[in-house]
Amino acid sequence: VANQTITYGSADPALNLVYSGFTGTDSIANVVTTGSIGSSSDYTMGKGVGTYPVTIAMTDYKSTNYEFVAATDCVITVVKKNITVTAPSTTVTYGDAKPEFLVSQIVLEEDALYVNDSLANLNTQAQFSITTTYEKGSPVADYDVVVSAAGKADNYEFTFVNGKVKVNKAVLTVTADNKTITYGDAAPYFTVSYSGWVTSDQTAPDGAAEISTAYIKGNDAGN
């Protein structure tokens, strides 16, 4: 049986017998044999990374011109499965606190885990952590969210993909200040007040606010 390498979670491979040592045009297809021969392995689907021997069993298996000897070094090698691990993403408003990310928010490649595995038990081995470069007060932009593993998983290798913290603009409210004048006065000079500043920001936006009023000099008393 030819040695085989499979990925963790793969189905049981076919254990096809391979013959060597025939003379001339002889082959297993045209050599008459008696008795029986078969192959088996300790591997079953879902077994972990490792090497599993393949056993060839013969019962009175022979032919007129050949003596059959079973190879004893045939193996199935199970290697780790590579899966994509994606950090979570979120959207915040400028000035919001730094978001707290949970391991449960990690996104795994669809159908990547073997049926008996879960993100929770994978984390027990891998010890995932999530960090971001965003801090409260960071300007409007996209900031990386990075997932990493302090440990290793028995049966998986990881390809990590960053998430994002997207920072949207905060809303700044601009209010025209009320003015009181005396009948007959000209229209006053208007000023504005701002509310909604974030952190220590107190700088008026670029440009000028355009303010208008229905009042014209000579209008009656009222609002």
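1. Contact here means heavy atoms within 4.5 Å. Among contacts in the chain between residues at least 6 apart in sequence, 63% join residues at least 24 apart.

2. This is a predicted model, in which local features need pLDDT of at least 70, side-chain atom pairs count only at pLDDT 80 or more, and totals for chains, interfaces and linings use all residues. Residues are numbered from 1 along each chain as its sequence is written, and side-chain values use heavy atoms, with hydrogens and water left out.

3. The chain has one helix and 13 strands. Both are DSSP runs numbered from the N terminus: helices are H or I, at least four residues, and strands are E, at least two. The order along the sequence is β-β-β-β-β-β-β-α-β-β-β-β-β-β.

4. Now the overall shape. The radius of gyration of the chain, taken over C-alpha atoms, is 37 Å, whereas a compact globule of 223 residues would have one near 17 Å. That globule rule is 2.2 Å times the number of residues to the power 0.38. The C-alpha trace spans about 130 × 35 × 25 Å along its principal axes.

5. Of the 223 residues, 23% are buried. Buried means under 20% relative accessible area, exposed over 50%, and partly exposed in between (1.4 Å probe, protein chains only).

6. The whole structure holds two salt bridges, each a side-chain nitrogen of Lys or Arg within 4 Å of a carboxyl oxygen of Asp or Glu. One joins Lys98 and Glu135 at 3.0 Å, N to O. This pair links distant parts of the chain, 37 residues apart: Lys98 is in the loop between strands S6 (90-93) and S7 (107-108), and Glu135 is in the loop between strands S8 (128-132) and S9 (142-149). Lys98 is partly exposed at 38%, and Glu135 is partly exposed at 41%.

7. The other salt bridge joins Asp144 and Lys164 at 2.8 Å, N to O. Asp144 lies in strand S9 and Lys164 in strand S11 (residues 163-168), 20 residues apart. Asp144 has a relative accessible area of 30%, partly exposed. Lys164 is partly exposed too, at 38%.
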